[in-house]
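Have the structure open while you read, and we'll stop at a few spots along the way.

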Amino acid sequence: MKQYKFSDNFLFGSSTSGPQSEGFYNKANKNIWDYWFEISKEKFHNQVGPEYTSNFFRDYKDDIKLIKETGHNVFRTSIQWSRIVKDFNTLELDETAVEFYNNVIDELIKNDIEPIICLYHFDMPLKLQEIGGFENREVVELYARYAAKMFEIYGDKVHKWFTFNEPIVVAEGGYLYKFHYPEVVSFKRAAQVVYNMNLASAKAVKAFKESGKKGDIGIILNLTPSYPRDENNKEDLKASHICDLIFNRSFLDPAVKGEFPADLIDFVNENNLTPICEEGDKDILRENTISLLGINYYQPRRVKARESKFESDALMPENFFEPYEMPNRLMNPYRGWEIYYKGIYDIAKNIQENYSNIKWLITENGMGVENEERFIKNGIVEDDYRIEFVSEHLKWLHKGIEEGSNCIGYLMWTPIDCWSWLNAYKNRYGFIRFDLESGKKTIKKSGYWFKELVKNKGFEG
Ligand code: BG6
């Protein structure tokens with residue numbers, strides 16, 4: 001048995017997002033999820049949409065009590081652009097929403113829980129999607145103005161901000177693989193979205209610096225470390241390098257280093273994917289890098305060189321690699337994602353060695369499990385698998401920190417079972433169970449375990 005101790009000021013908590021926890025409650029505007037559910041209910045698991053969430057808008061005080069009872073010293077959520085802004089052009093705000101987020105922040109602080117706020121979590125306001133969403137430069141400007149407004153009104157109380165959650169997923173889901181609205185399939189349009197979101201993030205960082213508010217600002221990236229099938233096979237290595245460029249470094253490099261990787265620029269140019277750029281963009285990216293990096297880690301990406309031609313009408317990332325199923329890999333069968341504990345250490349070392357050891361934290365790590373009611377004993381979900389999942393990741397993270405990686409916290413996905421996009425309530429991730437029928441919220445075994453972990457600043461394992 002070994003002691004895994006973390007520093008006294010290490011952040012332990014969890015993350016959710018506005019659209020996945022709040023519920024609709026007369027929002028000023030719809031976002032693309034509200035709309036997509038309206039027109040395509042059948043796409044959503046059991047036809048459960050975003051208005052049926054765990055009701056954070058109504059119950060935030062009780063929810064924060066439960067979050068406190070599970071030991072958190074930090075909690076991350078997102079502001080819904082579509083809730084807080086009434087008119088995107090004049091930036092007129094919705095007063096009920098301003099008050100709601102203000103109350104949430106105050107309630108957290110009152111409970112000694114640091115609020116971390118993200119400004120965008122897959123939730124493009126419908127009106128802005130109608131003019132092209134992040135394909136449109138005008139939306140980039142509107143986003144930067146919205147961000148500046150948030151710093152102005154909440155910047156005295158919130159000291160850790162994030163511009164975007166998993167921006168690459170916006171491009172993947174909405175413009176390549178059709179699991180987000182607007183269900184477009186176009187590598188070129190996806191590249192434009194990636195480019196414009198990088199720019200929007202840098203402009204928000206600029207606004208934060210100009211606001212003069214204290215604290216850090218960053219971006220949250222879902223890093224999927226790329227592993228080739230065979231380290232000694234040149235073609236496999238090439239495939240894994242391309243994946244790393246597309247899925248990780250397309251945001252990581254501009255955010256931390258202020259520029260796109262040269263290999264990515266070559267790849268984009270060679271494949272006729274070059275986005276429309278404007279003069280001055282390079283300076284904006286270079287001058288507005290982040291001070292804190294959020295990393296969501298769920299799974300690695302294992303790849304090999306293509307063995308057969310990829311059949312598709314349009315050019316896709318898969319033209320350049322094939323997924324590789326490593327024998328004996330450990331799987332989360334419900335979500336279909338590989339569990340690879342050491343990946344978190346590889347990320348820690350990559351950031352330390354290649355990204356100037358920037359200050360970072362795990363903003364999400366988690367395990368979605370179906371039919372968790374199977375594990376209820378005496379009214380409590382006995383989720384030992386989740387305890388094992390967290391502790392095994394923490395062991396590797398601890399090693400990375402011991403070796404000097406500048407990680408300041410670990411946040412799980414998620415405090416209370418939440419609505420998960422197309423999967424709705426299929427897979428449960430929370431420390432706290434949400435009973436869809438009765439609306440009751442009950443701490444799971446992992447929630448009690450987490451409380452002890454935070455109290456002891458570590459665990460034995
Ligand atoms: C992350 C997102 O990708 O993973 C969350 O930031 C999401 O919004 C979480 O819910 C779990 O993934 P999923 O698809 O199972 O909900």
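Where is the place of Phe179? Look in the loop between α8 (167-175) and α9 (187-211). Before going further, keep in mind that this is a predicted model.

- Phe179 has a relative accessible area of 32%, so it counts as partly exposed, a class that runs between the 20% and 50% cut-offs.
- If you jump 127 residues along the sequence from Phe179, you get to Arg306. In space, the two are 24 Å apart, C-alpha to C-alpha.

**The ligand and its shell**

- The ligand sits in the largest pocket.
- Around the ligand you'll find 14 residues, and the closest are Gln20, Glu166, Arg335, Ser420 and Tyr429.
- Sorted by class, that shell has six nonpolar, five polar and three charged residues.
- His121 brings a side-chain N or O atom to 2.8 Å from an oxygen atom of the ligand.
- Arg335 also has a side-chain N or O atom 2.8 Å from a ligand oxygen, and Arg335 is among the closest residues listed above.
- For Glu364, the distance from a side-chain N or O atom to an oxygen atom of the ligand is 2.9 Å.
- On its own, the ligand has 380 Å² of accessible area, and the protein covers 93% of that.

- Asn165 lies in strand β7, which spans residues 160-165.
- Is Asn165 buried or exposed? It's buried: its relative accessible area is 1%, and the cut-off for buried is under 20%.
- The Asn165 side chain makes a polar contact with the side chain of His121 at 3.0 Å. His121 is also one of the residues with a side-chain N or O atom 2.8 Å from a ligand oxygen.
- A polar contact at 3.1 Å joins the side chains of Asn165 and Asn296.

Conventions. Residues are numbered from 1 along each chain as its sequence is written. This is a predicted model: local features need pLDDT of at least 70, side-chain atom pairs count only at pLDDT 80 or more; totals for chains, interfaces and linings use all residues. Side-chain values use heavy atoms; hydrogens and water are left out. A residue is near a molecule or strand if one of its heavy atoms lies within 4 Å of it. A polar contact is a pair of N or O atoms within 3.5 Å; within protein, one must be able to donate a hydrogen and the other to accept it, and residues adjacent in sequence count only if both atoms are side-chain atoms. Accessible areas come from the Shrake-Rupley method with a 1.4 Å probe; for residues, only the protein chains shown count as cover. On a 1 Å grid over the protein atoms alone, a cavity is a set of points where a 1.4 Å probe fits but cannot get out, and a pocket is an open set with protein on both sides within 12 Å along at least five of seven lines; lining residues have an atom within 4 Å of a point. A molecule sits in a cavity or pocket if more than half of its atoms lie within 2 Å of its grid points. Ala, Val, Leu, Ile, Met, Phe, Trp, Tyr, Cys and Pro count as nonpolar, Asp, Glu, Lys and Arg as charged, and the others, Gly among them, as polar. Helices (H or I, at least four residues) and strands (E, at least two) are DSSP runs, numbered from the N terminus. Buried means under 20% relative accessible area, exposed over 50%, partly exposed in between (1.4 Å probe, protein chains only).
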